[in-house]
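Okay, thanks for coming, everyone.

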Amino acid sequence: MEYLQSNLKKLKNVFWRRPDRLFALRSTISMGVLAIPFIIAGKPFFGVTLALGALAGALSETDDHPKGRVKALSITVFSFFISSFAVGLLNNYPWLLGTGFVLSTIVFILLGGLGERYRAITFGSVLVGIYAMLGIEISPAWYWQAVLLPAGALFHGILTLILMYLNPWRLLDEQLAKGFTTLSNYLEKKSMLFPSEEQEQASINKDLALLNISVVNSLEKIKEVLNNYGKELSDPEPLRPYLQRFMLLQSLHERAASSHERHDKLSNDTDNLEVMEGFGEMLRQLAFATRQVADNVLTGSSYHHPMALEWISNAIEEKLKHIDANTAQPLVLLHHNLYRSQLSLKYLDNTEEGTAIPRLKRDKRSPMERFQSLLSFKHPRMRYALRLSLSFMIGFILAKSLHLDKGAWVMLTSLFVSQITYSDTRRRLFQRLLGTVTGVVLGALLLHIFTTTAAQVLLMLGSAMAFFYWLKTNYSVAVIFVTTFVISAFNLISKDAGLHILEPRLIATLLGASLSFIVIRFLWPGWQYRRMPELISKAMQKNRAYLQEILREYKETSKDDLAYRIARREAHLADNELALAWNSMRQEPKSKRKLMKHAFTLTYLNHALLSHISALGAHRETHLPGIENMQEIMERVNAVLNEAGCYLQSKTHSNTSNLSPTLLELKQQIVTTDSGLKKQQLRLFYNIADSTAKIMQELQETQDDRAAN
């Protein structure tokens, strides 16, 4: 019995620690429970259609409290019914069906822009409509799919709700754990900077900028889920520990993203080498600790703070006492930053009694106001809706005109390949083609191995589980398994039908992917070089607002720091947009990669500036020491940040403010100031001003190159 309990505990941890595995297992179980009885009874169409409904329901799941999930499930089932019922009703009127489907797609996609809840549901509704088109030919009656597809989604939703009521906080646990895991990856990469050579840092910093996107996106997701839970709770008190963990994650990220001095400058001093290696090891231990917190959140196991963190911290502190005071200044500040991070983790569960529940920003617009904001041809979601519906329209016409077998697969491919940006669509195209070709070859081989009905049921369900497992981490692999799923499902409905659909599947995939790519290539591709002036402007303005909030916090630390957290969040989101735009530019045609070098440099410099501002924010618990002319110095920096924000969008360029005198003044104060807090803060202000000056210089060079071209 003990052996059995031990193995069950291990099995539970295998799934409990990996939400993607748990999601895949839960979805596969619901599909299996629905499909197997009907297949045994000799009614495979009913079983497979119910399983498809469950699959679409799993893809339409929303990040809600159980009460909110009930509302979402009701909308999902109703939407699935309308979508599949319309297909069955209009099947004998193909052009009316095509027109209705194209127009409803625009409406569904725009409704999905109201929020993450609606985005998942409306995507599932479009997907179910295509499933209904694929299955209508083999349906015993036109109305059966309108019954079976929503019923499959309802069964999966009820199963999920039962599990959620047993553990209503699981969704929040998963999102918080993901946040700490992404931060762990960031810390692990940042440890490579200590020590590092100047030539290595461009590559490391590029990876850090991309990893920072994941951390900030995780923070956004957690905030959204917390708000969703908050809407459904009359008493917010149960949310307190989750909000406190969220605040901890935010503060850890701010310290992790901060930069106190150029790393090559610190690494080049041989006297600093041991200390720099110590910082690297301390960051690796912090990465390990944050991953432990993720495990703690997911499994409820006790968090054991790494003893090595304190040993390393004490060793660094002792080493710093024997380094020249001037040389040690930036190292002392960096050590203080890392020490506070390890202290926060050490006293993870020792939260103060009576701590106020922090407020979170919410979108106060009504659903109608949010919908009206989407009704513009300049809005990315409206453009995406029109591109997708155009792909559907062309695909539908081609399928009917050429009498393609399973022509709805053309639209199914377009649905999965079409994305909001050109680079994402291009990436999905190659992933879809590679996955489908591999899946067709693998499926043909497996059907010759799995010849019995029982074996093919196992193949179908195994493929479904692998699809769900890989869906969010490796789309190419997910496509391989969804292809083998489709082949085995059709083979169960009709003997050898799985083999007969291999060729139509390949043709439809190639056609649908090509349509999606051609449409976005010529209809609002949104080349990134055109967006760069707007993104740079936004980043500079948000950095400026973040800096002003930090200075306000230094003067008087507020009990409710919502304004500060909003400014910090928006600065990081603007930095993310800039990094994503540069990364997307690399996927675009060479003729459209205009000013690529400048885009990279500006992205790098903006991230460096944000890192220095974050360093100042990370130490805001200390009041600002009396620094000579500080008000005037910061007004000059703010003025240049404001000019930088308007520079590329302005048609006239007068002489810009020069920060050279400010940098010289700060340097003189650093030289004449004794070691201590004042000198450390002066270094931070110097780094902020220096990064701002470099950005302004790069913007001027960018504008000169734009004018020359």
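So, the nonpolar cores. The largest one has 78 residues, and please keep in mind that this is a predicted model. Which residues have the most contacts inside that core? They are Met31, Ile130, Phe392 and Phe468. Helix α3, residues 44-59, gives the most to this core, with 11 residues.

Setting aside neighbours within four places in sequence, Phe468 is in contact with Phe23, Ala24, Ser27, Thr28, Met31, Leu55, Ala58 and Leu59. Met31 turns up there, and Met31 was also on that list of core residues with the most contacts.

There's also a second, separate core, this one of 53 residues, and it includes Met164, Tyr229, Phe246 and Ala257. As general background, nonpolar side chains tend to be buried together in soluble globular proteins.

Now let's zoom out. What is the secondary structure made of? It comes to 28 helices and zero strands. The chain has 709 residues, and 54% of them count as buried. And if you take contacts between residues at least 6 apart in sequence, 81% of those join residues at least 24 apart.

A couple of single helices next. Helix α6 covers residues 116-135, so to speak, 20 residues. From its first C-alpha to its last, α6 reaches 29 Å, close to the 28 Å expected at 1.5 Å a residue. Is α6 enclosed or open to the outside? Well, 15 of its 20 residues are buried, so α6 is largely enclosed by the rest of the structure.

Then helix α12, residues 273-299. With 27 residues at 1.5 Å each, α12 should span 39 Å, and its end C-alpha atoms are 39 Å apart, which agrees. Just after α12 comes Gly300, which takes a positive phi of about 80°.

How about two helices against each other? Take α17, residues 408-417, and α18, residues 422-449. They pack at an angle of about 130°, and their axes are 9 Å apart. That angle makes α17 oblique to α18. On the α17 side, the residues are Thr413, Phe416 and Val417, and they meet Thr425, Arg428, Leu429 and Arg432 in α18. By class, that contact has three nonpolar, two polar and two charged residues.

Okay, a pair of serines. Ser341 is in helix α14, residues 325-346. Ser341 counts as buried, because its relative accessibility is 5%. Not counting residues up to four places away in sequence, Ser341 touches Leu252, Arg255 and Leu286.

The other one, Ser691, lies in helix α28, residues 677-708. Ser691 is buried too, with a relative accessible area of 6%. And what does Ser691 contact, leaving aside its neighbours within four places? Ala608, Leu609 and His612. There's also Leu605: Ser691 and Leu605 are 86 residues apart in sequence, and 6.6 Å apart in space, C-alpha to C-alpha.

Last topic, the loops. Between α13 (307-320) and α14 you'll find Ile323. Ile323 is in a loop, but Ile323 is buried, at 13% relative accessible area.

Lys406 sits in the loop between α16 (380-401) and α17. Phi of Lys406 is near 55°, which is a positive value in a residue other than glycine. Is Lys406 buried or exposed? Buried, with a relative accessible area of 9%.

Trp524 also has a positive phi, near 50°, and it isn't glycine either. You'll find Trp524 in the loop between α22 (502-522) and α23 (528-555).

Pro195 is in the loop between α8 (170-190) and α9 (198-232).

That's my tour, and I'm happy to go back to any of it.

Technical notes. Residues are numbered from 1 along each chain as its sequence is written. This is a predicted model: local features need pLDDT of at least 70, side-chain atom pairs count only at pLDDT 80 or more; totals for chains, interfaces and linings use all residues. Side-chain values use heavy atoms; hydrogens and water are left out. Helices (H or I, at least four residues) and strands (E, at least two) are DSSP runs, numbered from the N terminus. Buried means under 20% relative accessible area, exposed over 50%, partly exposed in between (1.4 Å probe, protein chains only). Contact means heavy atoms within 4.5 Å. Axes are lines fitted to C-alpha atoms, for helices over the stretch in contact, and angles run from 0 to 180 degrees between N-to-C directions. Angles under 35 degrees count as roughly parallel, over 145 as roughly antiparallel, 65 to 115 as roughly perpendicular and the rest as oblique. Ala, Val, Leu, Ile, Met, Phe, Trp, Tyr, Cys and Pro count as nonpolar, Asp, Glu, Lys and Arg as charged, and the others, Gly among them, as polar. A nonpolar core is a set of buried Ala, Val, Leu, Ile, Met, Phe, Trp, Tyr and Cys residues joined through side-chain atoms within 4.5 Å. The expected span of a helix is 1.5 Å times one less than its number of residues.
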